[in-house]
Amino acid sequence: MIFMGTWGNDDFARNAPDGDGRRLFDNIVRDPLPELWENTLHDTVGIYVFRCSSCQNLRSYWDIA
């Protein structure tokens, strides 16, 4: 997996094939919580996005620092 960076809502929208950042978020973030998208969970949430070097699919994980 290739680290693509720490993404926020704008990054998901910019990288979504159809412009629907929320849909991309829901599809690739492992164990998402609604508060992650709404950005109300905590001030220091990191959503880390990775791209598979073979199939190019995205996968994401998150944590609270």
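Which residues of α2 are buried? I looked there first. The buried residues of α2 are Gly21, Leu24, Phe25 and Ile28. I take buried as under 20% relative accessible area, exposed as over 50%, and partly exposed as in between, with a 1.4 Å probe and protein chains only. Seen down the axis of α2, these residues fall within an arc of 100°, so they line one face of the helix. The arc is that of the directions from the helix axis to the C-beta atoms.

Notes on the model. I am working on a predicted model, where local features need pLDDT of at least 70, side-chain atom pairs count only at pLDDT 80 or more, and totals for chains, interfaces and linings use all residues. Residues are numbered from 1 along each chain as its sequence is written, and side-chain values use heavy atoms, with hydrogens and water left out. Helices (H or I, at least four residues) and strands (E, at least two) are DSSP runs, numbered from the N terminus.

Around α2. I checked what covers its buried residues, and the cover includes α1 (9-15), α3, β2 and β3 (58-64). Contact here means heavy atoms within 4.5 Å. At the start of α2, I found a side-chain oxygen of Asp20 within 3.3 Å of the backbone nitrogen of Arg22. A polar contact is a pair of N or O atoms within 3.5 Å; within protein, one must be able to donate a hydrogen and the other to accept it, and residues adjacent in sequence count only if both atoms are side-chain atoms.

The sheet. I traced three strands in an open sheet, ordered β1-β2-β3, with antiparallel pairing. β1 and β3 stand at the edges with a single partner strand each, so one side of each has no neighbour in the sheet. Neighbouring strands are turned by 25° against each other on average, direction ignored. Two strands pair if DSSP finds at least two bridges between them. I get four bridges for β1 and β2, and seven for β2 and β3. Gly5 has Val49 in β2 as its bridge partner. α2 packs on the sheet, touching β2 and β3, and its direction makes about 85° with that of β3. Axes are lines fitted to C-alpha atoms, for helices over the stretch in contact, and angles run from 0 to 180 degrees between N-to-C directions. The β2-β3 hairpin has six residues between its strands, and Gln56 in the turn has a positive phi of about 70°.

Aromatic rings. Rings of Phe, Tyr and Trp (its six-membered ring) pair if their centres lie within 6.5 Å; planes under 30 degrees apart count as stacked, over 60 as edge-to-face and the rest as tilted. I count six aromatic pairs by this rule. Phe3 and Phe50 have ring centres 5.4 Å apart and planes at 55°, so the pair is tilted. Phe3 sits in β1 (residues 2-6) and Phe50 in β2 (residues 45-51), 47 residues apart. Phe3 is partly exposed at 47%, and Phe50 is partly exposed at 23%. Phe50 also stands opposite Arg59 in β3.

Phe25 and Trp37 have centres 5.3 Å apart and planes at 55°, so this pair is tilted. Phe25 is buried at 1%; Trp37 is buried at 18%. Trp7, Phe12, Phe25 and Trp37 form one aromatic cluster.

Last stop, Pro32. I find Pro32 in the loop between α2 and α3, partly exposed at 34%. Pro32 touches Phe25 and Trp62, not counting residues up to four places away in sequence.
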